[in-house]
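Please read the points below alongside the coordinates.

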Amino acid sequence: VRAIVSDLAAENRYALTALGHAFLVKAACDEEVPPLLPVPRVDGRRLTHLDLLNGFRIALAQSSAEGGVSLVRFRPEWELRAEDPHAAIVPDAIVMLRGDQRDAVIALEVDVGTEPPHSILKKLDRYEAARFQRRSVFGVGEPHPLILVPTARRARSIARAVRKDHPRI
């Protein structure tokens with residue numbers, strides 16, 4: 001592993017190196033090891049965003065297993081951009097959950113409050129347009145947008161903006 005130092009006063013993050021990945025492949029025996037992906041670039045502004053995204057992914061994996069639901073897919077934004085860098089809409093993650101009755105597909109949007117609420121509204125408009133035009137979003141039809149925010153205050157701010165501009169939601 002290698003340390004990623006974004007701020008000398010903050011905790012380091014760690015990333016798997018090619019050598020570390022090769023070690024895991026050798027040690028895994030019969031287990032399949034996912035391919036090594038490049039480490040996404042992280043600056044101070046995106047660190048909170050990445051922490052929220054990863055924290056949500058971990059909490060979702062733990063709670064879905066406890067609730068009898070399977071986390072089938074979690075594709076983060078950097079994988080989606082690698083697939084289609086010119087897509088009209090790129091969620092922070094595409095999430096698929098599988099239950100007994102049906103699958104649920106979520107387009108996760110992480111908002112840390114660095115942009116005005118209307119930027120989230122623009123993304124909601126793009127999801128609505130894709131649904132209306134029956135266009136898939138990275139291979140899934142009609143994902144349900146879910147906005148993840150760090151504070152209740154930010155959630156209220158976005159909710160007010162959504163109610164004002166999208167009263168039918």
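1. Helix length. The model is predicted. Just after α4, Arg134 has a positive phi of about 55 degrees.

2. Cover of the helix. Ser119, Ile120, Leu121, Lys123, Leu124, Tyr127 and Ala130 are the buried residues of α4. Note that Lys123 and Tyr127 are on this list along with Ile120 and Leu121. The elements covering these buried residues include the strands β5 (103-110), β6 (136-137) and β8 (144-148), together with α5 (152-165).

3. Strand β5 and its partners. Of the 8 residues of β5, 6 are buried, so the strand counts as mostly covered under the cut-off of 20% relative accessible area. β5 pairs with β4 (residues 93-98) in the antiparallel sense, over 6 bridges. The two strands form a hairpin, with 4 residues between them. β5 also pairs with β8, here in the parallel sense and over 5 bridges.

4. Asp111. This residue is found in the loop between β5 and α4. Is Asp111 buried or exposed? Asp111 counts as buried because its relative accessibility is 4%, and the cut-off for buried is under 20%. The side chains of Asp111 and Arg154 are joined by a polar contact of 2.5 Å. With neighbours within four places in sequence left aside, Asp111 is in contact with Ile120, Ile147, Leu148, Val149, Pro150, Arg154 and Ile158. Of the residues in that list, Ile120 is also one of the buried residues of α4.

5. The chain as a whole. The chain has 5 helices and 8 strands, and from the N terminus on its elements run β-β-α-α-β-α-β-β-α-β-β-β-α. The C-alpha trace spans about 55 × 45 × 35 Å along its principal axes. Of the 169 residues, 29% are buried. The accessible surface comes to about 11400 Å², and carbon and sulfur atoms account for 54% of this surface. Among contacts between residues at least 6 apart in sequence, 52% join residues at least 24 apart.

Key: Residues are numbered from 1 along each chain as its sequence is written. This is a predicted model: local features need pLDDT of at least 70, side-chain atom pairs count only at pLDDT 80 or more; totals for chains, interfaces and linings use all residues. Side-chain values use heavy atoms; hydrogens and water are left out. Buried means under 20% relative accessible area, exposed over 50%, partly exposed in between (1.4 Å probe, protein chains only). Contact means heavy atoms within 4.5 Å. Two strands pair if DSSP finds at least two bridges between them. A polar contact is a pair of N or O atoms within 3.5 Å; within protein, one must be able to donate a hydrogen and the other to accept it, and residues adjacent in sequence count only if both atoms are side-chain atoms. Accessible areas come from the Shrake-Rupley method with a 1.4 Å probe; for residues, only the protein chains shown count as cover.
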